[in-house]
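The sequence and structure come first.

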Amino acid sequence: MSIDRSLIGKESPEEVFEVEKGAIRKFAEAIGDPHPAFRSGEIAPPTFPITFRMGIPGVNLELSRVLHGEQEYSYRRPVRAGDRLRCKTRVADVYEREGRLGKMTFLVTEIEGRDEAGELVFTGRSTIIVR
């Protein structure tokens, strides 16, 4: 499966995600993080934005062919219960590499989340590998 490099720069429509205490608690439990602020649902663990599922027009992947490459987040402030975050994601890069199992396509996306005042809360970068 190949991903067209013309998708670089394409953005998703903006979506609003309401951060709820229960979702934070469930996520903290799922990842096994014992931090009291996470377990109480007040503050989200650093990888919580992975739960903000967003599609990008033109990117349709067969999940059985997708591998998680890497992921990182940078914060201006923590994500908190009660936040309403306006998020959008964009394709930052598409490139190919030869691997042991043949050609692999790397899809790099970036996400940003802003609060209701428009202030940047977090950015993230994710690489997935399509074989």
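Phe122 is buried (under 20% relative accessible area, with over 50% exposed and values in between partly exposed, for a 1.4 Å probe and protein chains only), because its relative accessibility is 1%. The model is predicted: local features need pLDDT of at least 70, side-chain atom pairs count only at pLDDT 80 or more, and totals for chains, interfaces and linings use all residues. Residues are numbered from 1 along each chain as its sequence is written, and side-chain values use heavy atoms, with hydrogens and water left out.

**Aromatic pairs**

- Rings of Phe, Tyr and Trp (its six-membered ring) pair if their centres lie within 6.5 Å, and planes under 30 degrees apart count as stacked, over 60 as edge-to-face and the rest as tilted.
- The count by this rule is eight aromatic pairs.
- Tyr75 and Phe122 make a tilted pair, because their ring centres are 6.0 Å apart and their planes stand at 35 degrees.
- This pair joins distant parts of the chain, 47 residues apart, with Tyr75 in strand 2 and Phe122 in strand 5; strands (E, at least two residues) and helices (H or I, at least four) are DSSP runs numbered from the N terminus.
- Tyr75 is partly exposed, at a relative accessible area of 29%.
- Tyr95 and Phe106 are stacked, at 4.9 Å centre to centre with 5 degrees between the planes.
- Tyr95 lies in strand 3 and Phe106 in strand 4, 11 residues apart.
- Tyr95 counts as partly exposed at 26% relative accessibility, whereas Phe106 counts as buried at 13%.
- One aromatic cluster includes Phe48, Phe52, Tyr75 and Phe122 among its members.

**Nonpolar cores**

- A nonpolar core is a set of buried Ala, Val, Leu, Ile, Met, Phe, Trp, Tyr and Cys residues joined through side-chain atoms within 4.5 Å.
- The largest has 15 residues, and those touching the most other members are Val19, Phe48, Phe52, Val79, Leu85, Cys87 and Phe122.
- Helix 1 (21-31), strand 3 (84-99) and strand 5 each give two or more residues to this core.
- Apart from this core lies another, of nine residues, including Leu107 and Ile128.

**Largest pocket**

- The largest pocket holds about 640 Å³ of space. A pocket is an open set of points on a 1 Å grid over the protein atoms alone, where a 1.4 Å probe fits, with protein on both sides within 12 Å along at least five of seven lines; lining residues have an atom within 4 Å of a point.
- Among its 24 lining residues, Arg53, Met54, Thr109, Ser126 and Ile128 are the closest to the centre.
- Strand 5 supplies the largest share of the lining, five residues.

Note on methods. Grid points are joined across faces, edges and corners, and a volume is the space filled by probe spheres set on the points.
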